[in-house]
Amino acid sequence: SHAHCRLRFVYGADRARWGYLIHVLVAYTWVTGCVASGSLPALALVSLLTLPLSLVATRVLWRLANTPNQLEPAIKLTILSAVVHGLLLAIALAIA
């Protein structure tokens with residue numbers, strides 16, 4: 001995504017790799033922590049189903065961070081993961 005390119009441009013490929021991985025881990029840890037603390041219903045854990053998409057995007061970014069013109073698969077997976085994660089979380093909240 002634009003964020004991939006921005007991270008790479010501002011921080012360089014190596015720091016962009018780590019930055020992206022940290023963002024992914026924080027996003028999923030946040031949901032887990034909120035469920036554990038009772039801030040979110042247990043059903044919200046359904047949003048973790050998108051973790052494999054995020055990890056594949058991370059792996060692609062990790063391999064191809066130095067060749068931005070080949071990041072399209074990571075960009076698409078990032079967008080898909082973010083949209084589906086949010087949708088699943090919203091559905092879980094609506095049901096709970």
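How far apart should the ends of α2 be at 1.5 Å a residue, and what is the span in the model? I looked this up before anything else. α2 has 25 residues, which should span 36 Å, and its end C-alpha atoms are 36 Å apart, so the two values agree. I note here that the model is a predicted one.

**Entry: overall layout**

I listed the elements of the chain. I found four helices and zero strands. From the N terminus on, the order reads α-α-α-α. The chain has 96 residues, and buried residues make up 34% of them.

I repeated the span check on α4. This helix has 24 residues and reaches 34 Å from its first C-alpha to its last, close to the 34 Å expected at 1.5 Å a residue.

**Entry: around α2**

Gly12 sits in the loop between α1 (2–11) and α2 (13–37). I put Gly12 down as partly exposed because its relative accessibility is 26%. Gly12 is 54 residues from Asn66 in sequence, while their C-alpha atoms are 8.7 Å apart in space.

I then went to the other end. Gly38 follows α2, and its phi is positive, near 90°.

Which residues of α2 are buried? I wrote down Ala13, Ala16, Arg17, Gly19, Tyr20, Leu21, Val24, Tyr28, Val31, Cys34 and Val35. Asp14, also a residue of helix α2, is exposed, with a relative accessible area of 52%.

**Entry: Ala65**

Ala65 is in the loop between α3 and α4. With a relative accessible area of 1%, Ala65 is buried, because the cut-off for buried is under 20%. I also took the distance from Ala65 to Arg15: 9.8 Å, C-alpha to C-alpha, for residues 50 apart in sequence.

Nonpolar side chains tend to be buried together in soluble globular proteins. The largest nonpolar core here has 12 residues: Ala13, Tyr20, Val24, Tyr28, Ala57, Val60, Leu61, Leu64, Ala65, Leu71, Ala74 and Leu77. Which helices supply at least two residues each to this core? They are α2, α3 and α4 (72–95). I found a second, separate core of five residues, among them Cys34, Val35, Leu40 and Ala44.

I checked α4 for burial as well. Its buried residues are Ala74, Leu77, Thr78, Ser81, His85, Leu89 and Ala92. Residues three or four places apart in an α-helix point the same way, because the helix has 3.6 residues a turn.

**Entry: aromatic rings**

I searched the whole structure for aromatic pairs and got one. The pair is Trp18 with Trp62: ring centres 4.8 Å apart and planes at 80°, so I recorded it as edge-to-face. Trp18 is in helix α2 and Trp62 in helix α3 (residues 51–64), so the pair ties together parts that are 44 residues apart in sequence. I also looked up how open Trp62 is. Trp62 counts as partly exposed because its relative accessibility is 34%.

**Entry: nonpolar surface patch**

I met both tryptophans again on the surface. Trp18, Ile22, Val26 and Trp62 form a nonpolar patch there, with about 420 Å² of accessible area together. Which helix gives the most to the patch? I noted α2, with three residues. The remaining helix to name is that of Trp62, which is α3.

**Entry: salt bridge**

How many salt bridges does a search of the whole structure find? I found one. The side chains of Lys76 and Glu72 meet in it, at 2.7 Å from N to O. Both residues lie in helix α4, four residues apart, or about one turn of the helix. I then compared each side with the accessibility limits. Lys76 counts as exposed because its relative accessibility is 52%, and the cut-off is over 50%.

Conventions:
Residues numbered from 1 in each chain as written. Predicted model: local features only at pLDDT ≥ 70, side-chain atom pairs only at ≥ 80, totals over all residues. Heavy atoms only, no water. Buried < 20%, exposed > 50% of the residue type's maximum accessible area, 1.4 Å probe, protein only. Expected span 1.5 Å × (residues − 1). Phe/Tyr/Trp six-rings, centres within 6.5 Å; stacked < 30°, edge-to-face > 60°. Core = buried A, V, L, I, M, F, W, Y, C linked by side-chain atoms within 4.5 Å. Patch = residues over 30% accessible without salt bridge, like charges linked within 9 Å, V, L, I, M, F, W, Y side chains within 5 Å. Areas by Shrake-Rupley, 256 points an atom, 1.4 Å probe, with all protein chains shown as cover. Salt bridge = Lys/Arg side-chain N within 4 Å of Asp/Glu carboxyl O.
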